[in-house]
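These are my notebook entries on one protein chain. I set down what I looked up, entry by entry.

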Amino acid sequence: MAGADEVMGPVMNAQRFAMFDGKGELVENAREVWSVIEDDVHRVARSFWMRYLRSPDVNTRVDEAKLESLTRRIFPYLKSLLTDPSGEAWVETAGEFTLQAFEAGIATTSIFSGISGRADAMHDILVERLSEDPPRLARMIKAVTQITILEMDVFAAHFDRLRQRDERARRQSRGAEFNKEMVSVVDRSSAESRKLRAQAVDAASATRGM
């Protein structure tokens, strides 16, 4: 969404990604995770919403049809997150979701809880599929952990930029109000000075007349 980009600008960069990609294997491992869970993406996506909708911040009742719509809507996001974790596509989508949540008064905790629920589902699927291959299972679970923390960091960065935007707007508003008040004070002072000068002139004229 262009509006989100204009507000927050780019968040992902090579330096940020590298901080979570300790051995330089995260892209490859994340793509392998996707290859394992792709057939169960519905289960993964639904788990996000089931956990997210439990938040007290979310005051919306969601019926089964709406839940199904929400679930399917984030399929492309999940694919982008896992097949191109260092790219911008999923980051931009996260920014759009953050903007909507921010404007609705929903805290990052609610989003993080949804991400946590989704990570639980991914973990369970990996265990079900790879229990007979412990080394691969351990590697995949590690990748899920890294991706989950990276994703939370990106959401937090978006929220922080929005808070900074609002703080700048508040400062500018307070500055404008201060300037307006100062102009008003100066105008009043000028009017009072003119009045005093006029009174002084009248007093001097009266004195000369006496």
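**Entry 1: The model**

I note that this is a predicted model, in which local features need pLDDT of at least 70 and side-chain atom pairs count only at pLDDT 80 or more, while totals for chains, interfaces and linings use all residues. Residues are numbered from 1 along each chain as its sequence is written, and side-chain values use heavy atoms, with hydrogens and water left out.

**Entry 2: The whole chain**

I looked up the secondary structure and found nine helices and zero strands. Helices (H or I, at least four residues) and strands (E, at least two) are DSSP runs, numbered from the N terminus. Along the sequence the pattern therefore reads α-α-α-α-α-α-α-α-α.

I then looked up burial. The protein has 210 residues, and 36% of them are buried. Buried means under 20% relative accessible area, exposed means over 50%, and partly exposed lies in between (1.4 Å probe, protein chains only).

The exposed surface comes to about 12400 Å², of which carbon and sulfur atoms supply 54%. Such areas come from the Shrake-Rupley method with a 1.4 Å probe, and for residues only the protein chains shown count as cover.

I also looked up contacts, meaning heavy atoms within 4.5 Å. Of the contacts with a separation of 6 or more, 82% are between residues 24 or more positions apart.

**Entry 3: Helices α4 and α8**

Two packed helices are described by the angle between their axes and the distance between the axes. I looked up both values for helix α4 (residues 41–52) and α8: the axes come within 7 Å and cross at roughly 145°. Here axes are lines fitted to C-alpha atoms, for helices over the stretch in contact, and angles run from 0 to 180 degrees between N-to-C directions.

The crossing of α4 and α8 is right-handed. A crossing is left-handed if the near helix is turned anticlockwise from the far one by less than a right angle, and right-handed if clockwise.

The residues of the contact of α4 with α8 are eight nonpolar, six polar and six charged. Ala, Val, Leu, Ile, Met, Phe, Trp, Tyr, Cys and Pro count as nonpolar, Asp, Glu, Lys and Arg as charged, and the others, Gly among them, as polar.

**Entry 4: Salt bridges**

Side chains of opposite charge can pair when their charged atoms come close. I looked up how many salt bridges the structure holds, and the count is eleven. A salt bridge is a side-chain nitrogen of Lys or Arg within 4 Å of a carboxyl oxygen of Asp or Glu.

R43 and E128 form one of them, at 2.9 Å from N to O. R43 lies in helix α4 and E128 in helix α8, so the pair ties together parts that are 85 residues apart in sequence. R43 is partly exposed, at 33% relative accessibility.

E64 and R46 form a salt bridge whose closest N and O atoms are 3.0 Å apart. E64 is in helix α5 (residues 64–73) and R46 in helix α4, and the two are 18 residues apart. Both partners are partly exposed, E64 at 48% and R46 at 23%.

R118 and E151 have their closest N and O atoms 2.4 Å apart in a salt bridge. R118 belongs to helix α8 and E151 to helix α9 (residues 134–209), 33 residues apart. Are R118 and E151 buried or exposed? Both are buried.

**Entry 5: R136 and its network**

E32, R136 and R139 are linked in a network of salt bridges. R136 is placed in helix α9 and is partly exposed, at 25% relative accessibility. R136 and E32 are 104 residues apart along the chain, and their C-alpha atoms are separated by 9.9 Å. Apart from neighbours within four places in sequence, R136 is in contact with E32, S35, V36 and L130.

**Entry 6: I111**

I looked up I111, which lies in helix α8 (residues 108–130). I111 is buried, with a relative accessible area of 0%. Not counting residues up to four places away in sequence, I111 touches F48, Y52, F97, A101, F155 and F159. I111 and M152 are 41 residues apart in sequence, and the distance from C-alpha to C-alpha is 8.4 Å.

**Entry 7: D84**

I found D84 in the loop between α6 (75–83) and α7 (89–103). D84 is partly exposed, with a relative accessible area of 33%. D84 touches K79 and W90, not counting residues up to four places away in sequence.
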